[in-house]
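Here is a friendly briefing to read alongside the sequence and the 3D view.

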Amino acid sequence: MKLVGALLILLTTTWAGFEAARMLHERPRQLRQLKAALQALEAEIMYAHTPLSEAALHISRQISSPLSKLFAQFAAKLQVGETSVHQAWEESLQAVWKETALKQGELEIMKQFGETLGQYDRLTQQKQIALALAHLEREEADARERQARYEKMAKSLGVLAGLLLVILLI
């Protein structure tokens with residue numbers, strides 16, 4: 001019975017360590033995806049002159065989940081037309097953000113971006129997208145650094161913490 005308990009503890013802590021490492025791995029990937037989505041949005045607005053709801057829908061089909069959900073929900077809220085662009089963006093962010101590996105800093109960048117979304121002419125909107133991209137670039141560099149520094153450690157720490165608990169309990 002002790003052996004089964006020890007094995008469960010070891011498996012659980014190992015799983016927790018690998019889950020933490022997965023989040024460290026996912027954050028830079030999702031940031032790159034978010035940057036690509038904003039660049040696609042810029043192209044849709046500037047060159048194709050696509051309405052915001054259609055542009056968001058196009059982008060949601062081009063990127064993978066969970067960020068595709070963000071743009072799909074945003075497009076759906078805009079098509080219903082009951083809310084402002086800013087409010088639709090905020091609600092979409094709040095609904096999807098928990099599913100991402102992104103941090104509070106990225107959320108603040110995206111909220112600031114949402115405040116300007118759809119309120120200015122195309123040229124000013126292009127500048128706002130460039131500003132958001134610059135901020136996301138900085139966050140991506142930080143995420144890559146954290147991944148390189150802590151990913152392997154998180155995996156090892158999960159296993160070692162489990163071993164320590166098993167030794168202490170036996």
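In this predicted model, helices α3 and α4 meet through Lys69, Leu70, Phe71, Gln73, Phe74, Lys77 and Leu78 on the α3 side. The α4 side of that contact is made by Val85, Ala88, Trp89, Glu91, Ser92, Leu93, Ala95 and Val96. Sorted by class, the contact of α3 with α4 has 10 nonpolar, 2 polar and 3 charged residues.

**How α3 and α4 pack**

- Two packed helices are described by the angle between their axes and the distance between the axes.
- For α3 and α4, the angle is about 145° and the axes lie 9 Å apart.
- The crossing in which α3 passes α4 is right-handed.
- α3 covers residues 67–80, while α4 covers residues 85–96.

**The two sides of α2**

- Which residues of α2 are buried? Within this helix, residues 52–62, they are Leu52, Ser53, Ala55, Ala56, Ile59 and Ser60.
- A helix rule is handy here: an α-helix has 3.6 residues a turn, so residues three or four places apart point the same way.
- Turn to the face of α2 that points away from its buried side, and you will find the exposed residues Arg61 and Gln62.
- The cover over the buried residues of α2 includes α1, α3 and α4.

**Ser53, a buried residue of α2**

- Ser53 sits in helix α2, and its relative accessibility is 16%, so it counts as buried.
- Setting aside residues up to four places away in sequence, Ser53 touches Ala75, Leu78 and Gln79.

**Gln33, a buried residue of α1**

- Gln33 belongs to helix α1, which spans residues 2–46.
- Is Gln33 buried or exposed? Gln33 is buried, because its relative accessible area is 12%, under the 20% cut-off.
- Beyond its neighbours within four places in sequence, Gln33 is in contact with Ile63, Ser64 and Leu67.
- With Ser64 there is also a polar contact, side chain to side chain, at 2.4 Å.

- His25 is another residue found in helix α1, and it is partly exposed, with a relative accessible area of 39%.
- Leaving out residues up to four places away in sequence, His25 touches Gln147 and Glu151.
- How many residues separate His25 from Ala101 in sequence? They are 76 residues apart, yet 8.7 Å apart in space, C-alpha to C-alpha.

**His49, in the loop between α1 and α2**

- Look for His49 in the loop that lies between α1 and α2.
- His49 is partly exposed, and its relative accessible area is 48%.
- Apart from its neighbours within four places in sequence, His49 is in contact with Glu44 and Arg122.
- What joins the side chains of His49 and Arg122? A polar contact of 3.1 Å does.
- Along the chain, His49 and Arg122 are 73 residues apart, and their C-alpha atoms are separated by 8.9 Å.

Technical notes: Residues numbered from 1 in each chain as written. Predicted model: local features only at pLDDT ≥ 70, side-chain atom pairs only at ≥ 80, totals over all residues. Heavy atoms only, no water. Helix = DSSP H or I, 4+ residues; strand = E, 2+ residues; numbered from the N terminus. Buried < 20%, exposed > 50% of the residue type's maximum accessible area, 1.4 Å probe, protein only. Polar contact = N/O pair within 3.5 Å; in protein donor to acceptor, adjacent residues only side chain to side chain. Contact = heavy atoms within 4.5 Å. Axes fitted to C-alpha atoms, helices over the stretch in contact; angles between N-to-C directions. Left-handed = near helix turned anticlockwise from the far one by under 90°. Nonpolar A, V, L, I, M, F, W, Y, C, P; charged D, E, K, R; others polar.
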